[in-house]
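Please keep the sequence and the structure at hand while reading.

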Amino acid sequence: MTIVLDGKTLAQKISEQVTKDVSKLKAEHNITPCLAVVLVGEDPASKIYVSRKKRQAVATGMLSKEITLPETTSKKQLLKEISLLNADPNVHGILVQLPLPKHIDTAQIIEAIDPRKDVDGFHPVNSGRLFSGVNSALVPCTPRGCVTLVKNHRGQDLTGLLAIVIGCSNIVGKPMAQLLLQEKATVIMAHSKTQDLPTLCRKADILVVAVGVPGLVKADWVKEGATVIDVGINRINNPEGGSCIVGDVDYVGVSSVAGAITPVPGGVGPMTIVSLLQNTYAAAVNQIY
Ligand code: GUN
């Protein structure tokens, strides 16, 4: 029987702990963590993600601040907003929703965020700390959530398991590989140029897929009993009309082979948001001293 990895329920449980931690921080230090979310432009998916992040931060007792800027915002204007947030002692976490409009250099914006407030964990200081295994790193939310989910399912121990990560983005694939390595898994990073991907993937005990190709991973790519983590969120048109969200894994086919699999939606998505709340809480605590 395949186990469905229910990210929604686990995220709810973690969120209850964050709520307790937030309330204790308020009682003991009179600090309420505040997450600032910056949205540039009108991307509909980004608007939905930002409103979820804000809503859930507030649900745990945190404060949230939204800075909404037009598509035409210049790099200089955005840098100015970030420097105001960096200097504001009441803001503990800063998240600039990606993607940014094409005329803005994303790397330069990320590097402008104070690393102590970088709750996305994208700043080179935080990726460097993650790479070096320094505990104080703020770790990117999606990989952090995926590892929490896998460890929760696998009794916390991933030692010696073969983990294959398909996709090597800065947001998911690369930090995911580092986190799995820290858990003492044997890690392979695969991508669109990897030769004979199905044969390679069939060796994986843990298969993480983050490529943005609907239904790429089929049943015959997966070893019997493997744990499959689907990071994809793809909107596709239904033949009968309308549209729906699917992952990068052929869920029905792969469910007949995998030992455990994340659904889309309801798997990785809620874990990403709760990891952001954990990072915001940690950032607030780190800024006390
Ligand atoms: N766009 C897609 N995923 C993310 C994320 O984790 N953080 C930010 N800031 N933007 C995103």
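Domain bounds here come from an automatic or database domain assignment. For this protein chain, that assignment gives domain 1 (30–116) and domain 2 (141–269). The model is a predicted one.

**Domains and annotation**

- The C-alpha centres of domain 1 and domain 2 are 28 Å apart.
- An unreviewed UniProt entry carries the annotation "domain: Tetrahydrofolate dehydrogenase/cyclohydrolase catalytic", which covers residues 5–120.

**Shell around the ligand**

- Which residues are around the ligand? They are Leu-95, Val-96, Gln-97, Leu-98, Asp-120, Cys-141, Thr-142 and Ile-171.
- By class, five residues of this shell are nonpolar, two are polar and one is charged.
- At least two residues of the shell come from β4 (93–96), and at least two from α6 (141–153).
- Why does the shell lie between domain 1 and domain 2? Both domain 1 (30–116) and domain 2 (141–269) give residues to the shell around the ligand, so it lies between them.

**Helix α5**

- Within helix α5 (residues 124–132), the residues Asn-126, Ser-127 and Leu-130 are buried.
- These three cover an arc of only 100° around the axis, which puts them on the same side of α5.
- An α-helix has 3.6 residues a turn, so residues three or four places apart point the same way.
- The buried residues of α5 pack against α7 (173–182).
- On the face of α5 turned away from the buried side are the exposed residues Gly-128 and Ser-132.

**Ala-107**

- Ala-107 is located in helix α4 (residues 106–112).
- Is Ala-107 buried or exposed? Ala-107 has 10 other C-beta atoms within 10 Å, so Ala-107 is exposed.
- In sequence, Ala-107 and Asn-234 are 127 residues apart; in space, they are 25 Å apart, C-alpha to C-alpha.

Definitions and conventions: Residues are numbered from 1 along each chain as its sequence is written. This is a predicted model: local features need pLDDT of at least 70, side-chain atom pairs count only at pLDDT 80 or more; totals for chains, interfaces and linings use all residues. A residue is near a molecule or strand if its C-beta atom, placed from the backbone, lies within 6 Å of it. Helices (H or I, at least four residues) and strands (E, at least two) are DSSP runs, numbered from the N terminus. Ala, Val, Leu, Ile, Met, Phe, Trp, Tyr, Cys and Pro count as nonpolar, Asp, Glu, Lys and Arg as charged, and the others, Gly among them, as polar. A residue is buried if 20 or more other C-beta atoms lie within 10 Å of its own, exposed if 12 or fewer, and partly exposed in between; C-beta atoms are placed from the backbone. The arc is that of the directions from the helix axis to the C-beta atoms. Two residues are in contact if their C-beta atoms, placed from the backbone, lie within 7 Å. UniProt positions are given in the numbering used here, feature names are shortened, and annotations may be inferred rather than shown by experiment.
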